[in-house]
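Hi everyone, thanks for making the time. Please have the sequence and the model open, and stop me whenever you like.

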Amino acid sequence: MPGEGGWRRARLAPSLSEVHRSVEVHGASWFRKLLAFAGPGYLVAVGYMDPGNWATDLAGGSRFGYALLSVILLSNLMAVLLQGLSSKLGIVTGRDLAQACRDHYSPGVAFMLWVLCEIAIAACDLAEVIGSAIALNLLFGISLPWGIALTALDVLLVLYLQNKGFRMLEALVIALVAVVGGCFLFELIISRPDIGEVARGFVPTTEIVRNPEMLYIAIGILGATVMPHNLYLHSSIVQTRKYAENAEGKREAVRFAFADSTIALTFALFINAAILIVAAATFHRTGNTQVAEIQDAHQLLTPLLGVSGASAVFALALLASGQNSTLTGTLAGQIVMEGFLNLRIRPWLRRLITRAIAIVPAAIVAIFYGESGTAKLLVFSQVILSFQLSFAVFPLVRFTSDRVKMGSFVNSTPLRIAAYTVAVLIAVLNVWLLFQTVREWIT
C-alpha cells in the first residue's frame, strides 16, 4: 500500500506499541510540562557516557592533560543537534528512524541498513558487557568470564521494568545516571584539578590538529561519543508522550523534547569531562601519561590521590554506567528489529539473542586472552560503531530536511547546513579513525 506525505509505504504500526502514547503530558505550568516530557533524554544520554567512552577520555586526560576538553564539548554540541533532529522526526512523522528508513528506501537498501544497525547494536552491547564485567571484577573480584555471564541476567530486570510501565524504566535510568554523576563529583573534589587549566581546556587550539597523536585521540572521542543506536532510540521513545497530534501539539512536543535531551546531554557532558579531568589531574600531573585502560586507572587512583575508596567509587560508576547502557540497548534492539522488519517478538527473547551475540565473543576473549584481550575488544567495538554511524546520521538529516515529509517542521536553511556539515564531519573523521586503527593493527 503506497504511503502518504512523501513516504513510499504507509506506517504499519506505532513504534514500541506497548508503551506508545502511554505517558500523559498535561500540566498547567511550563515547568510541570517539562517534567512530564523529561525522561527520554536521559535514556539517550546514557549512550554518551557508556564504558566505550571511558578509554578515550582516560587516554586523552592522562596523555594531554585538559587540552581535549574542547573536543568533548564539540562532540556534545553535535549530539544535541542530532538528537534534536531525531526527536523531531519521531514526533512530526509518527515514525522512528528505523520505520522511516523502511518506508523511504527500497527493500534491499532498508535490509542493508538493518544489518549494519544490528552489527552496531551488538558492538555497543559488547562494550557494555565488557565494561560491566570489568566493574564486577574490580569491585567483587569476580573473574571476567563469570562477570560476562552475569550480565545476561539484566534480561530479567528489563522484562520486569517494561511490565511496570515506561516511567519506571526512566526512573531507574535517571537514578543510575545520578550515581555515575555523584561518583565523579567525588573524584573531581578529591583530585583537585587546576580550575584555570580546566577552563582553558574548553577553548579549542590548533595543536589538536597539528599533533598527530592528539588528533588521533580527539577523533576517538568524537567517534565514541555520538552513538548510532541513540538516533533510532530517541526517535521512538519521544512517542511515549501523549501530546496532541496537531501542529500546535507537535510543535510544543518538539520544543519540550529538545529541552529534555539538551538538559540530559549536559549531564553527559559533565560526566565525560569529569573522566578526562580526573585523568588529567591524577595521572598527567604525576607523570603517568600512558594510562588508557580502565583497570590501570582503577589501580592507580587510590595510591596517587591518597584517598581510601577512590578506586572503589570509580568502579561503582563503571558498573552503573554499564548496567544503564544495557537497559537502553534493550530498547534500541527492539526498536530497530520492529522498525526495519516489522517483526515483533517478545522483548526478553530479542534481548537474549542480542546478549548472546555480545557475550559469546567477549567470553571467548576473556577466557583465552584475559584483561588485555578484553581491552582490545572494547576498542574494536568502538571502531565498528564509528563505521556504522554515518548510515544513521545521513538518513536522519535527509528526512528532517524534506519539506514533503516534515511540512512546516522542515529544517531551516541554517539548520540544514549545520546538520549536513556535522554529518560530513563525522563521516570524514570516522573514516580517518578507521584507517588509522586498521593501519595500527597491521603494523
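I'll go through helices, charged pairs, the nonpolar core and a few local details.

A quick word on the ground rules. This is a predicted model, so to speak: local features need pLDDT of at least 70, side-chain atom pairs count only at pLDDT 80 or more, and totals for chains, interfaces and linings use all residues. Residues are numbered from 1 along each chain as its sequence is written, and side-chain values use heavy atoms, with hydrogens and water left out.

Let's begin with two helices. Helices here are DSSP runs of H or I with at least four residues, and strands are runs of E with at least two, numbered from the N terminus. Find α16, residues 310-341. This helix has 32 residues and spans 47 Å from its first C-alpha to its last, close to the 46 Å expected at 1.5 Å a residue. That expected span is 1.5 Å times one less than the number of residues. How many of its residues are buried? For α16 it is 27 of the 32. Buried means under 20% relative accessible area, exposed means over 50%, and partly exposed lies in between, using a 1.4 Å probe and protein chains only. Just after α16 comes Asn342, with a positive phi of about 55°.

Now move to α4, residues 69-93. Its 25 residues reach 36 Å from first C-alpha to last, close to the expected 36 Å. Of those 25 residues, 22 are buried, so α4 is largely enclosed by the rest of the structure. Gly94 follows this helix, and its phi is positive too, near 70°.

Leaving aside neighbours within four places in sequence, Lys88 is in contact (heavy atoms within 4.5 Å) with Val254, Met406, Phe409, Val410, Asn411 and Leu415.

Asp402 does have a partner, though: its side chain meets that of Lys405 in a salt bridge, at 3.3 Å from N to O. Lys405 is buried, with a relative accessible area of 8%, while Asp402 counts as partly exposed at 24%.

On to the other charged pairs. Side chains of opposite charge can pair when their charged atoms come close. The structure holds nine salt bridges. One of them joins Glu213 and Arg63, with the closest N and O atoms 3.9 Å apart. That pair links distant parts of the chain: Glu213 sits in α12 (residues 212-225) and Arg63 in α3 (residues 51-64), 150 residues apart. Glu213 is partly exposed at 48% relative accessibility, and Arg63 is partly exposed at 28%.

Another bridge is local. Glu170 and Arg167 meet at 3.0 Å, N to O, and both lie in α9 (residues 166-191), three residues apart, about one turn of the helix. Glu170 is buried at 1%, whereas Arg167 is partly exposed at 37%. Arg95, Arg102 and Asp103 are linked in a network of salt bridges.

Next, the core. A nonpolar core is a set of buried Ala, Val, Leu, Ile, Met, Phe, Trp, Tyr and Cys residues joined through side-chain atoms within 4.5 Å. The largest has 130 residues, and those with the most contacts inside it are Leu68, Leu97, Phe184, Leu331 and Phe340. Which helix gives the most to this core? That is α14 (residues 247-284), with 19 residues. A second, separate core of five residues includes Ala120, Ala123, Cys124 and Leu385. Not counting residues up to four places away in sequence, Phe340 touches several residues, including Trp114, Tyr232 and Arg102.

Finally, look at the segment before α1, where Leu16 lies. Phi of Leu16 is near 45°, a positive value in a residue other than glycine, and Leu16 is buried at 2%.

Thanks, and over to you for questions.

Technical notes. A salt bridge is a side-chain nitrogen of Lys or Arg within 4 Å of a carboxyl oxygen of Asp or Glu.
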